[in-house]
Amino acid sequence: MNLVTDAIAWLTSGEQWSGDRALHVLMLQHLWLTLLSVAAAAALALPAGWLIGHTGRGREIAVAISGAARAIPSFGLLILLVLLFGVLHKPEAAIVTFVILAIPSLLAGAYSGLEAIDRATIDAARAVGMSEWQIFLRVELPLGLPLLVGGVRSAALQVVATVTIAAYINLGGLGLPIITGLALRRYDMILGAALLVAVVALVLDALLGLAQRRAEPRGLRTDTTTSLRGSREPAAAPRH
């Protein structure tokens, strides 16, 4: 408990919230790297995922690529890319690393959201004369949005936890006090920074979880709520 108390004392110390390496500055750097990486990964993964989900082709390739990307160790990939890009392009190497980490979840969320839609719904849309583009925009995208936001949620959490390694190449973020604490054997600093990363991840998860629930089409949300209420109501007593 002494270590936890020391970590909280370190977190609440005024010294940690002032200067160029203040915790709020490091937090903003951490969130900026996360946002930039997830946005870049989304620009690459979502069109491919939507195409796979709409056409039903290429799913095996997407699963293989996603599996290979998940198996790559992030820290090793970061160091490799720094060596390949050169020391003057460390930010680019870090962003590419985090983009590769985020792509599998985004890709899976994009195509699984479209695949989960009942084919009868798609056939009905075609039967009323909708074009393929109209089917995607008016039917598939709204119905597949909850799973897509779920993919964004998963990708963001993976990236926000991994961005701590950016401090190893002097890019800042909340990994910086962890690395500094390791060098100085300041375990209160290490635990305090780790707790702050955990809090940031939990808040981000809560916000994206709320967005995922809000992304569910209103009609489906109402039907689900009604069915749940009905299942909770006690059965009516038989009349004699």
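This is a short tour of the model, stop by stop.

**Before you start.** The model is predicted; local features need pLDDT of at least 70, side-chain atom pairs count only at pLDDT 80 or more, and totals for chains, interfaces and linings use all residues. Residues are numbered from 1 along each chain as its sequence is written, and side-chain values use heavy atoms, without hydrogens or water.

**Annotated spans.** Select residues 143-169. The unreviewed UniProt entry lists this span as a "transmembrane region"; such annotations may be inferred rather than shown by experiment. Here the span is 74% helix and 0% strand, with end C-alpha atoms 42 Å apart. Helices are DSSP runs (H or I, at least four residues), numbered from the N terminus.

**Helix α5.** Select residues 90-115. The bend is about 35° at I103, and P104 follows within four residues. That angle is between axes fitted to the seven residues ending there and the seven starting there.

**S66.** Move to S66 in helix α3 (residues 59-71). Its relative accessibility is 9%, so S66 counts as buried (under 20% relative accessible area, 1.4 Å probe, protein chains only). Leaving out residues up to four places away in sequence, S66 touches P104 and L107 (heavy atoms within 4.5 Å).

**The core.** Select F98, L106 and V159. They have the most contacts inside the largest nonpolar core, of 49 residues. Such a core joins buried Ala, Val, Leu, Ile, Met, Phe, Trp, Tyr and Cys residues through side-chain atoms within 4.5 Å. Finish on V159: its contacts include T34, F98 and L101.

Notes: Helices (H or I, at least four residues) and strands (E, at least two) are DSSP runs, numbered from the N terminus. Buried means under 20% relative accessible area, exposed over 50%, partly exposed in between (1.4 Å probe, protein chains only).
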